[in-house]
Amino acid sequence: MEKKNTWETYDEKQLKELEKLSKEYMEFLDNGKTERECIDTIVNTIEKAGYVELNKAIAEGKKLKKGDKVYAVWMNKSIAMYQIGSKKMVEGMNILGAHIDSPRLDVKQNPLYEDTGFAYLDTHYYGGVKKYQWVALPLALHGVVVKKDGTTVEINVGEAEDDPVFFISDLLIHLSAEQLEKKAAKVIEGEALDLIVGNKPLLIKADEAEGEGKKEKAKEAVKTGVLNILKETYDIEEEDFLSAELEVVPAGKAREAGFDRSMILAYGQDDRVCAFTSLKAMLDTKKTDRTMCCILVDKEEIGSVGATGMQSKFFENSVAELMNLMGEYSELNVRRCLANSCMLSSDVSAGFDPSYASCFEKKNAAILGGGMVFNKFTGARGKSGSNDANAEYMAHIRGIFAEKGINFQTAELGKVDVGGGGTIAYILALYGMNVIDSGVAVLNMHAPWEATNKADIYETYRGYKAFVEGASL
Ligand code: MN
Ligand code: MN
């Protein structure tokens, strides 16, 4: 039961492939720091690979057949892609699933205010964050503002080298004696996560009638100055924040980490590392017996809720539409297709951290460099909230991986009773299909900068490919 270090198993050719994949992955991360940006990147990529929008196929009354590739996007935040296999859909699909939302700070609906010379945007954090990690570092603003007339303005500030960045202040150490006595959960409170976006008053010309011609300050001059810039740059008003989705994320690109460049340090690797590898595996797999499917969804970090989360009927509806275009539709056939499917529900796993060893049980922890991770179950307090994969299914996958020489490890999120977490696995399992959690080990998960090992990313890509090609339980 000893774990192999995956790096030791590669030949020159594989190492080259690994580096190429890592580079592509880092670009994927840089281009997609929000769900919407990820969807844009993914749609651009898959359309070049011959994928056609499902709605377009429906509108044209197209009949679909084996080898055809289609995709359905929901509200610009979730996507389901299909590559039709040679077997009938009712026999089930091989599904890869991951999420493309990541923890961050969302701008509130009435966010802009001024206090003592600073203009602020008030935020509400999204997902599980250690709030103290989000102060005193450069932050970028990504998202959309949708105006009353329906026009969408895209915002992306803080990534280009000459862009300004934003930040949340922290109290200077010299005055922090009392603050440092507080529990870490209270050191920085949620309501204190207000983004500084300006510090210069707008000067306007005094009324000509008063004759002086000298400049005076506008009312709330710093806030007004910021609003003026927003008006000039994006043609938006303060009221337009009401219908905006703006996400505050760490500014900057994904970086290689370590003298040996073995790791990647970047924002949003939970769960874009699994989204990217799933997408790549899907694109690089040509023909399969069973239909291949890849679902990349929103809202996992807050419980898979809403129209774009995994609990939405969006996915099931797209399967029904697809089967209809294949001439295989009936309500019973849709149910059979889903029940007969196999899924790798992919999400990051907690990498064993030697600095915090007491929170892990080492022989059942995911080691960075140890290969693709399987979590037979997740959950907390006695597996509560988990999808516990069937032993027969785990055996089937072990068989495929042994045959293809994929290095994998099994893990739990941490020591029993130390904590826990959930994924989208249990939602798909409701159809009666075989689902297991799998993915990549991450260090400092949910922090502004998360770390992964390049070998794990490459091995996970290989593992997903082996799965879509071979699973058929
Ligand atoms: Mn996740
Ligand atoms: Mn997460």
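Colleague: Is His99 buried or exposed?
Modeller: In this predicted model, His99 is buried, with a relative accessible area of 1%. The cut-off for buried is under 20%, so His99 at 1% falls within that class.

Colleague: Which strand holds His99, and how many of its residues are buried?
Modeller: His99 lies in strand S4, residues 93-99. Seven of the seven residues of S4 are buried, so the strand is largely enclosed by the rest of the structure.

Colleague: Which residues of S4 point which way?
Modeller: Met93, Ile95, Gly97 and His99 point one way from S4, while Asn94, Leu96 and Ala98 point the other way. All of these residues are buried.

Colleague: What does His99 coordinate, and with which other residues?
Modeller: His99 coordinates the manganese ion (ligand 1) through NE2.

Colleague: Which residue bridges ligand 1 and ligand 2?
Modeller: Asp270 bridges the manganese ion (ligand 1) and the manganese ion (ligand 2). The two ions lie 3.3 Å apart.

Colleague: Back to S4, then. Which strands does S4 pair with, and in which sense?
Modeller: S4 pairs with strand S15 (residues 291-297) in the parallel sense, over seven bridges. S4 also runs parallel to S16, to which four bridges join it.

Colleague: How does S19 pair with S18?
Modeller: Strand S18 (residues 372-375) and S19 pair in the parallel sense, over three bridges. Within this pair, Phe374 stands opposite Thr410 in S19.

Colleague: A new topic: how is the protein divided into domains?
Modeller: Domain 1 covers 6-102 + 267-469, and domain 2 covers 104-250. Their C-alpha centres lie 35 Å apart.

Colleague: How many residues are in contact between the domains, and what area is buried there?
Modeller: In domain 1, 18 residues are in contact with 15 residues of domain 2. The area buried between the domains is about 1400 Å², of which carbon and sulfur atoms give 50%.

Colleague: How many salt bridges are there between the two domains?
Modeller: The count between domain 1 and domain 2 is four salt bridges. Separately, Lys33 forms a salt bridge with Glu159, and their closest N and O atoms are 3.0 Å apart.

Colleague: Finally, where does Cys38 lie, and which residues does it touch?
Modeller: Cys38 lies in helix H2, residues 35-48, and counts as buried at 1% relative accessibility. Not counting residues up to four places away in sequence, Cys38 touches Gly32, Ile100 and Arg272.

Colleague: What separates Cys38 from Lys231?
Modeller: Cys38 and Lys231 are 193 residues apart in sequence and 27 Å apart in space, C-alpha to C-alpha.

How values were computed. Residues are numbered from 1 along each chain as its sequence is written. Chains are lettered from A and ligands numbered from 1 in the order in which they are written. This is a predicted model: local features need pLDDT of at least 70, side-chain atom pairs count only at pLDDT 80 or more; totals for chains, interfaces and linings use all residues. Side-chain values use heavy atoms; hydrogens and water are left out. Donors are N, O and S atoms within 2.8 Å of the metal (3.2 Å for Na, K and Ca); water is not among the atoms, so sites may look incomplete. Helices (H or I, at least four residues) and strands (E, at least two) are DSSP runs, numbered from the N terminus. Buried means under 20% relative accessible area, exposed over 50%, partly exposed in between (1.4 Å probe, protein chains only). Contact means heavy atoms within 4.5 Å. Two strands pair if DSSP finds at least two bridges between them. Domain bounds come from an automatic or database domain assignment. Buried area is the accessible area (1.4 Å probe) that two parts lose on being put together, summed over both. A salt bridge is a side-chain nitrogen of Lys or Arg within 4 Å of a carboxyl oxygen of Asp or Glu.
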